Amino acid sequence: MISLLPTAAYIHIPFCRRRCYYCDFPVFVVGDRHTGASSGNIQLYLDRLTAEIATQINYQQPLTTIFFGGGTPSLLTVAQLGQILDLLATKFGIANDAEISMEIDPGTFDLTQLQGYLQAGINRISIGVQAFQDQLLQLCGRSHTVSDIYQAVELLHRGGISNWSLDLISGLPQQTIVQWATSLESAIELNPTHISCYDLIVEAQTPFAKQYQPGDKPLPSDETTAQMYRTAQQILSGAGYTHYEISNYAKPGSQCRHNLTYWQNQSYYAFGMGAASNLEDHRFTRPRKTQEYYQWVADGCNWRVDLTPTADRFLETLMLGLRLARGVSLQAIESEFGIDRVNSLLKCLQRDRDRGWVEIVVSANDDRYVRLSDPEGLLFSNVVLTEIFSLEL
Ligand code: SF4
């Protein structure tokens, strides 16, 4: 059941030192010689961002999770980050035990800056690593080297942050299974509490889309990327990380609370260029281009769009909930959408149950959950979801 009262907020910080060749996120490039304080573009954006936050309806619930994503939020000065957090605290309130995450990139921060972020309230860091091979980092257009990764993690340890995550990408051009396994093992050696593993998608309009055709060399074949998925599951589970979501692994108690809000189809605020919110059953993505976003803020930030029809909400709940290892509660589906929906869902999934991709499990409190098996069901989630989407509702 959707929570109508949001307690999560996503803040989009769209600056990057350069654009990685696979990235289609709404970001703008501020260059290698950037310093947060000296960038007029950054301050201009922050003025619009804070204006947007100030106009937001307040649902009178303190925030329990805040996520600074990007882009590269570590291009903000401590003062700039503090300004946004102060505004959020004044406007909505921030719970004492709130999870406040920030994405950072190697080579974009030093110890003083990190300590400043932590003092301002950041208590979870997510570091964009992607690979442990300089050749692959270069090929992706990443702005850092493997040695920068080790230096950045050293800073995290010295800064005393205990809750931190590391991102890796599989399916990169020229990437071999051996390199992928090495990246996973190198990540484990650094002992993060959380690891995200994303499979490369060659997005239209990116330099990668001009260079590479999905399915063609030097991109790994579908069979190889499937093997990479299984390898991640095997190596990370073996090292004590729970595979709690299609692309995410965590040590016990270290699941990303903010991202769980999305997968549980709850409501959340979002602020900034290209950011998507879910409020009062309205999903809204803000303009992805800088000037359009500025104009939208100047026009008063109207995020209200048509109500999501119930059929879409049913499909959305399954699409998001089946990303989670624990799956979706059939009791919750029944109470929100009715027993007929549960019956058609189970009928539709019978073939996938027979081939071992879908499981029905009974929880400790006797609720039945439908979930994808790990790794095969999660690996073929797009096939299962296509079948669910063909349901006549
Ligand atoms: S650092 Fe992240 S957001 Fe920035 S260009 Fe690279 S992938 Fe995109």
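How many salt bridges does the rule find across the interface of domain 1 and domain 2? I would like to start from that question this morning, keeping in mind throughout that what we are looking at is a predicted model.

Let me first set out the two parts, and then come back to the count. The domain assignment of the protein gives domain 1 as residues 8-263 and domain 2 as residues 310-389, and the C-alpha centres of these two domains lie 29 Å apart. To the contact between them, domain 1 contributes 12 residues, and domain 2 likewise contributes 12 residues.

As for the extent of that interface, its size is often expressed as the accessible area that is lost when the parts come together. Here domain 1 and domain 2 bury about 1100 Å² between them, and 59% of that area is on carbon and sulfur atoms.

Now to the opening question: across this interface the rule finds 2 salt bridges. In general terms, side chains of opposite charge can pair when their charged atoms come close. A salt bridge that I would point to in the model is the one between R323 and E245, where the closest N and O atoms are 2.4 Å apart. Polar contacts were counted as well, and between domain 1 and domain 2 there are 7 residue pairs of this kind, with both residues at pLDDT 80 or more.

If you turn to the side of domain 1 that touches domain 2, you will find that α8 (222-238), β9 (242-245) and α9 (257-263) each supply at least two of its residues, while the largest share, 4 residues, comes from α8. Sorted by class, that side of domain 1 has 7 nonpolar, 3 polar and 2 charged residues.

Next, a sheet. Three strands, in the order β14-β16-β15, form an open sheet with antiparallel pairing, and its edge strands, each pairing on one side only, are β14 (328-329) and β15 (358-362). Between β14 and β16, the latter being residues 368-372, the antiparallel pairing runs over 2 bridges, and S329 stands opposite Y369 of β16.

Taking the structure as a whole, we have 10 salt bridges. One that deserves a moment joins E52 to R286, with the closest N and O atoms 2.6 Å apart. Because E52 lies in helix α1 (residues 40-55) and R286 in the loop between β13 (282-285) and α10 (290-298), this pair ties together parts that are 234 residues apart in sequence.

The peptide bond from K217 to P218 is cis, with omega near 5°, and P218 is found in the loop between α7 (207-211) and α8. A cis peptide bond also joins D374 and P375, with omega about 10°, and there P375 sits in the loop between β16 and α15 (376-379).

Finally, Q60 is not a glycine, and yet it has a positive phi of about 65°; this residue is placed in the loop between α1 and β4 (63-70). G93, for its part, is found in the loop between α2 (78-91) and β5 (94-104), and although G93 and Q60 are 33 residues apart in sequence, their C-alpha atoms are 8.3 Å apart in space. Leaving aside neighbours within four places in sequence, G93 is in contact with P62, L63 and L88.

Definitions and conventions: Residues are numbered from 1 along each chain as its sequence is written. This is a predicted model: local features need pLDDT of at least 70, side-chain atom pairs count only at pLDDT 80 or more; totals for chains, interfaces and linings use all residues. Side-chain values use heavy atoms; hydrogens and water are left out. Domain bounds come from an automatic or database domain assignment. Contact means heavy atoms within 4.5 Å. Buried area is the accessible area (1.4 Å probe) that two parts lose on being put together, summed over both. A salt bridge is a side-chain nitrogen of Lys or Arg within 4 Å of a carboxyl oxygen of Asp or Glu. A polar contact is a pair of N or O atoms within 3.5 Å; within protein, one must be able to donate a hydrogen and the other to accept it, and residues adjacent in sequence count only if both atoms are side-chain atoms. Ala, Val, Leu, Ile, Met, Phe, Trp, Tyr, Cys and Pro count as nonpolar, Asp, Glu, Lys and Arg as charged, and the others, Gly among them, as polar. Two strands pair if DSSP finds at least two bridges between them.
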